[in-house]
Amino acid sequence: QEFHVLSVSIFEKILKLRSEEPQSYLDLACALLLAPNFNFHLHGERALGYLNKVIEDPWHKRFSQVEIIALVDINCLIEKLKHFNLTHEREAIDHTNVDSRLISPTPLDLRIIINWHLINADVEMHVVDPNGEKCYSFHNSTTIGGLMSKDCNGLGPEEFVLRKAKSGVYTITIVLFHSTEDQYQQQELGAVIHIHVFTRFGYPDQRVSQTTLRLAKRKQRYCAGYVYFP
């Protein structure tokens with residue numbers, strides 16, 4: 001609980017410093033949604049506003065497709081708000097400011113999101129499914145329905161989604177291709193990459209795991225983990 005309060009406080013400060021970047025709003029919204037003691041008024045209503053801003057506002061072309069990632073989160077949140085409003089009519093939260101054409105529930109068996117802290121780093125996520133098929137930026141859709149977002153230079157995020165998972169193991173690999181940050185920052189510090197893995201996203205039994213890693217060498221690969229579906 002204390003760590004979550006601290007993380008929200010940090011993302012609030014980042015938003016004040018970097019309000020021109022959609023990630024600032026998206027990161028804060030996601031931190032609110034992952035609150036251990038989630039409260040619809042304290043966390044949900046604020047997250048809804050930040051996500052809607054990411055979707056509706058125009059952003060620089062280097063942030064292309066960030067609104068698609070926000071769409072998945074806002075649809076999941078709206079579904080939760082609908083159930084909340086049915087049982088708490090006096091405390092109902094209005095979500096009609098979200099364009100109704102964008103509302104389409106998107107529950108997913110597997111959702112993986114990565115982002116990183118170097119503006120000009122080229123980081124990629126590769127996901128290999130039980131068939132051995134690899135999903136990545138240059139092969140961004142798979143036979144079983146896996147989809148990878150567009151390759152993104154900058155701060156990310158990149159996202160892999162799969163609506164219905166086939167039984168077996170999914171392997172997640174992160175690759176740092178290059179960074180045009182100064183040499184010291186690249187060689188000594190490297191790129192810090194944050195990974196969120198959701199299983200059964202948008203379902204009552206949703207689970208999430210988080211990992212942070214650091215890659216410093218060009219074309220360095222790191223196996224970030226495995227996800228198993230029975």
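Mentor: Some terms come first: a residue is buried under 20% relative accessible area, exposed over 50%, and partly exposed in between, with a 1.4 Å probe and protein chains only. Tyr 170 has a relative accessibility of 1%, so it counts as buried. This is a predicted model, in which local features need pLDDT of at least 70, side-chain atom pairs count only at pLDDT 80 or more, and totals for chains, interfaces and linings use all residues. Residues are numbered from 1 along each chain as its sequence is written, and side-chain values use heavy atoms, with hydrogens and water left out.

Now the rings. The whole structure holds seven aromatic pairs (rings of Phe, Tyr and Trp, the last by its six-membered ring, with centres within 6.5 Å; planes under 30 degrees apart are stacked, over 60 edge-to-face, the rest tilted). One of them joins Phe 38 to Phe 40, edge-to-face, at 5.1 Å centre to centre and 80 degrees between the planes. Phe 38 is partly exposed at 27%, whereas Phe 40 is buried at 18%. Another pair is Tyr 170 with Phe 229: the planes stand at 85 degrees and the centres lie 5.7 Å apart, so this pair is edge-to-face. It links distant parts of the chain, since Tyr 170 is in strand β7 (residues 168-179) and Phe 229 in strand β10 (residues 220-229), 59 residues apart (helices, H or I, of at least four residues and strands, E, of at least two are DSSP runs, numbered from the N terminus). Phe 229, at 11%, is buried. Tyr 25, Tyr 50 and Trp 59 make up one aromatic cluster.

Two rings carry a charge over the face (NZ of Lys or CZ of Arg within 6 Å of the ring centre and within 35 degrees of the ring normal). Arg 111 sits over Phe 201 at 4.7 Å from the ring centre, and Lys 134 over Tyr 136 at 4.9 Å.

Asp 109 and Arg 200 form a salt bridge at 3.3 Å, N to O (a side-chain nitrogen of Lys or Arg within 4 Å of a carboxyl oxygen of Asp or Glu). Asp 109 is in β1 and Arg 200 in β8, so the pair ties together parts 91 residues apart in sequence. Asp 109 is buried at 8%, while Arg 200 is partly exposed at 29%. The structure has ten salt bridges.

Arg 18, Glu 20 and Glu 21 are linked in a salt-bridge network. Arg 18 meets Glu 20 at 3.3 Å, N to O, and Glu 21 at 2.6 Å between the closest N and O atoms. Arg 18 is partly exposed at 30%, as is Glu 20 at 47%, but Glu 21 is buried at 4%.
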